[in-house]
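Open the model in your viewer and keep the selection tool at hand.

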Amino acid sequence: MDCIFCKIANGEIPSNKVYEDDKILAFYDLEPQAPVHVLVIPKEHICCADALNSENSAVVGYIFSKIPEITAKLGLTNGYRIVNNCKEDGGQTVFHLHFHILGGKKLNVNMA
Ligand code: 5GP
Ligand code: ZN
C-alpha cells in the first residue's frame, strides 16, 4: 500500500520524531502551521476517523493518553490544539489517521 504515513511509521521515509513506541509515532509536520506542529499517528493503517470502529479504536484512546507526555516534551505548558481532518470536506490530505498538535502561540479561535 502506498501510504506516506505507513512509510514514516516503518522508517522507509525519515521523519523528525518526537515520541515513538510500538503502537504510535509523533513527528514534526513538514509544513508547520504554528510555531509547534506535530502529528501523532497510530502505526496501524487506519484511513481516517470515519473508519474507526469498536475493533480498531483503542489506539485513539492510547494516543490521547500519551498526548500530555508528548506536549510536555514539546514545552506546550500553556496549552495547544488537537485537530483531526476527516475526508474530503474535512480537508484531509493524507489518508492515514493522524492528530495535529498545534501550539507555541495563542491560536486563532476560528474553527471553520
Ligand atoms: P491533513 O491535511 O491530512 O490533515 O494533514 C496532513 C499533514 O501531513 C499536512 O500538515 C502535511 O504538511 C503533512 N505531511 C505530508 N507529507 C508529509 C511528510 O512526508 N512528512 C511530514 N513530516 N509531514 C507530512
Ligand atoms: Zn498508512
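Select the shell around ligand 1: eight of its residues are nonpolar, six polar and two charged. In this sorting, Ala, Val, Leu, Ile, Met, Phe, Trp, Tyr, Cys and Pro count as nonpolar, Asp, Glu, Lys and Arg as charged, and the others, Gly among them, as polar. The model is predicted, so local features need pLDDT of at least 70 and side-chain atom pairs pLDDT 80 or more, while totals for chains, interfaces and linings use all residues. Residues are numbered from 1 along each chain as its sequence is written, chains are lettered from A and ligands numbered from 1 in the order in which they are written, and side-chain values use heavy atoms, with hydrogens and water left out.

**Stop 1: the shell**

The shell holds 16 residues, and the closest are Asp29, Asn85, Thr93, His98 and His100. A residue is near the ligand if one of its heavy atoms lies within 4 Å of it. Colour α1 (4–9) and β2 (24–28): these are the elements that give two or more residues to the shell. The largest share, three residues, comes from α1. Helices (H or I, at least four residues) and strands (E, at least two) are DSSP runs, numbered from the N terminus.

**Stop 2: polar contacts**

Look for pairs of N or O atoms within 3.5 Å; within protein, one must be able to donate a hydrogen and the other to accept it, and residues adjacent in sequence count only if both atoms are side-chain atoms. Start at Tyr28: a backbone N or O atom lies 2.9 Å from a nitrogen atom of ligand 1. Move to Gly91, where a polar backbone atom is 3.3 Å from a ligand oxygen.

Now pick His98. A polar side-chain atom of His98 is 2.8 Å from an oxygen atom of ligand 1. The His98 side chain also reaches the backbone oxygen of His96, at 2.7 Å. Find His98 in the loop between α3 (87–90) and β5 (99–103). Is His98 buried or exposed? His98 counts as buried because its relative accessibility is 5%; the cut-offs are under 20% for buried, over 50% for exposed, and partly exposed in between (1.4 Å probe, protein chains only).

**Stop 3**

Select Lys87, in helix α3. Its phi is positive, about 55 degrees, although Lys87 is not a glycine. Most residues other than glycine have a negative phi. Lys87 is partly exposed, at 37% relative accessibility.

End at Asn84, in the loop between β4 (80–83) and α3. Asn84 is partly exposed at 27%. Draw a line from its C-alpha to that of Ile101: 9.3 Å, across 17 residues of chain.
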